[in-house]
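Visitor: Please walk me through the pockets and the charged pairs of this model. Keep it brisk.

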Amino acid sequence: MSQEFAMLINGRAVTGDATFDVINPATGEAFAKCPRANAALVDEAVAAAKAAFPAWSAKPIEERAALVGRLADAMEARAQEFAHLLTREQGKPLDQAMYEMMGSIFTLRAFVEMRPETRVLKDDGTNRVIEHRTPLGVVAAITPWNFPVILLMNKLGPALVAGNTMVAKPAPTTPLTTLLFGEICREVLPPGVVNIICDQNDLGPVLTAHPGVAKVAFTGSTATGKKVMQSAAGSVKRVTLELGGNDAAIVLDDIDPVVAAGKVFQGAMTNAGQICVAIKRAYVPESLYEPFCDEIARLAKEAVVDEGTRQGAQVGPVQNRMQFEKVKEILADARQKGRVIAGGEPLNRPGYFIPPTIVRDLPEDARLVREEQFGPVLPVLKYKDIDEVIARANDSEYGLAGTVWGRDVARATDVAMRIDSGTVWVNQHLAIDANIPFRGSKQSGMGAELGQEGLHEYTQAHIVNAVPLQG
Ligand code: NAD
């Protein structure tokens, strides 16, 4: 436990009065201490962000964007160090950690190029109406443990370019990469523009209710998202909520089941299934059901499950003990109601390892079908016709994303058009791009992240309506 980590408040490294252990999910052992904030430090962080706001928002946008670009450059220079720390705290295989780092850098650079739009809504020679966009103030960014780096960059890039300042709070089980990023902020940004505090799941409500915070940008579970919305209501804060999902993959009958099984396997098991948009239910036509199940079970049995630092590891551990227990519970229910054809038991070794698990012949009301499992366990369900499968895919309180797989792209696109979710990918998965807005429907979220729309979420539209003076 040699490396020291500090929070960031007003440009200062702050260690606070308390610490907590950060566990490596591949071993179940603590490997670092994280400084822990309290409500007084939250106040200091918000005050620092508020004090930094006038000068930061008054800076020309080109200068702000250039500083965000420097954050990306500094991150790139330390990408290996970030990726190793990410694997240690999060558990994902090193190549996937590096992929998250590259995505983070790409996202920041995409926002370096983006500008809030100014529109002339009317100009008839006498009446000129302009809509331009102003920053909001202090943004609280609250992030989960599955993609701790990129989910922060999705918020920080647009927030800073648009002229806001920030207080960021990572998830308590993956705080260290955010603190490492804080070191970069300390070198590159004026004091107070970005502040970082850490908690043990106790300070989120303090931040979301704080009168000094103008907007809450939250990614996490739907249950917590509801609390965030309630708490933000006190001062009518802006909120963006990126919440849970239970995404369906619909395999059409014109595809080779072996090809489809490979794609679905990848979409379900990357990051040990801990992706908001992971494939969480696979619907396969009767005619392809047997060969599809055989192939996906084969892939699951062959996958290399190991510590993320081991060369060749494809699936790492579940990120934390609580999630590990939850996945085991959902799996126990699935075992009773369906047939496990690959995996099914946690590995007999330290850490939170569950091997890729495939369950077939489940009824639609099994927990594994209805709930968000958020782990490497996939139900494969049989369907008869298209209308029926679309109805089943849409029968969920979630509506984050989904996929459709078929040779005939036009037909697959028609099916995709009928899925009630924020995004549907056809013959691809996880095609998230900083230039394309991403949002959830139903209880999967509110507001957009990424793209021009994602940038506008960090602004207030301001109308100026002018006519010549009469009389
Ligand atoms: P979580 O909701 O438990 O925690 C998320 C964050 O909220 C953490 O930083 C946590 O400390 C904080 N928090 C906890 N209680 C709070 C409160 N009352 N007020 C404010 N903040 C509070 O989620 P998790 O378990 O860390 O992450 C997994 C969930 O995140 C899954 O449901 C997943 O689908 C979702 N997710 C969604 C997206 C998306 O873009 N839609 C992306 C990634 C993850």
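Guide: A salt bridge here is a side-chain nitrogen of Lys or Arg within 4 Å of a carboxyl oxygen of Asp or Glu. The model is predicted.

Visitor: How far apart are the closest N and O atoms of Lys-155 and Glu-449?
Guide: The two residues form a salt bridge. Lys-155 sits in helix 5 and Glu-449 in strand 23, 294 residues apart. Their closest N and O atoms are separated by 2.9 Å.

Visitor: Which helix holds both Arg-321 and Glu-325?
Guide: These two form a salt bridge, with 2.9 Å between the closest N and O atoms. Arg-321 is partly exposed at 47%, and Glu-325 is partly exposed at 32%. They are four residues apart, about one turn, and the element is helix 11.

Visitor: How many residues apart in sequence are the parts that Glu-453 and Arg-439 tie together?
Guide: The side chains meet in a salt bridge at 2.4 Å, N to O. Glu-453 lies in helix 15 and Arg-439 in strand 20, so the pair ties together parts whose separation in sequence is 14 residues.

Visitor: How many salt bridges does the structure hold?
Guide: Some of the residues form a network: Glu-290, Arg-339, Arg-360 and Asp-361 are linked by salt bridges. For the structure, the count is 39.

Visitor: Now the pockets. Where does the largest pocket lie?
Guide: The largest pocket holds about 1,300 Å³ of space. Residues of its lining come from domain 1 (7-243 + 440-464) and from domain 2 (248-426). Both contribute, so the pocket lies between domain 1 and domain 2.

Visitor: Which element gives the largest share of the lining of the largest pocket?
Guide: The lining has 43 residues, with Trp-145, Asn-201, Ser-221, Thr-224 and Met-322 nearest the centre. Elements giving two or more residues include strand 3, helix 7 and helix 11. By class, the lining has 18 nonpolar, 17 polar and eight charged residues. The largest share, six residues, comes from helix 8.

Visitor: Which helix gives the most to the lining of the second largest pocket?
Guide: This pocket has a volume of about 860 Å³. Its lining has 35 residues, with Tyr-99, Phe-147, Ile-275, Leu-430 and Ile-432 nearest the centre. Helix 4, helix 5 and helix 9 each give two or more residues. With seven residues, the top contributor is helix 4.

Visitor: How many charged residues are in the lining of the second largest pocket?
Guide: Domain 1 and domain 2 each supply at least three residues to this lining. By class there are 18 nonpolar and 11 polar residues, and the charged ones number six.

Visitor: Last one. Is Val-194 buried or exposed?
Guide: Val-194 is found in strand 9. Beyond its neighbours within four places in sequence, its contacts include Leu-8, Leu-156, Met-166 and Cys-185. Its relative accessible area is 3%, against a cut-off of under 20%, so Val-194 is buried.

Note on methods
Residues numbered from 1 in each chain as written. Predicted model: local features only at pLDDT ≥ 70, side-chain atom pairs only at ≥ 80, totals over all residues. Heavy atoms only, no water. Buried < 20%, exposed > 50% of the residue type's maximum accessible area, 1.4 Å probe, protein only. Contact = heavy atoms within 4.5 Å. 1 Å grid on protein atoms, 1.4 Å probe; cavity = no way out; pocket = protein on both sides within 12 Å on 5 of 7 lines; lining within 4 Å. Points joined across faces, edges and corners; volume = space filled by probe spheres on them. Nonpolar A, V, L, I, M, F, W, Y, C, P; charged D, E, K, R; others polar. Domains from an automatic or database assignment.
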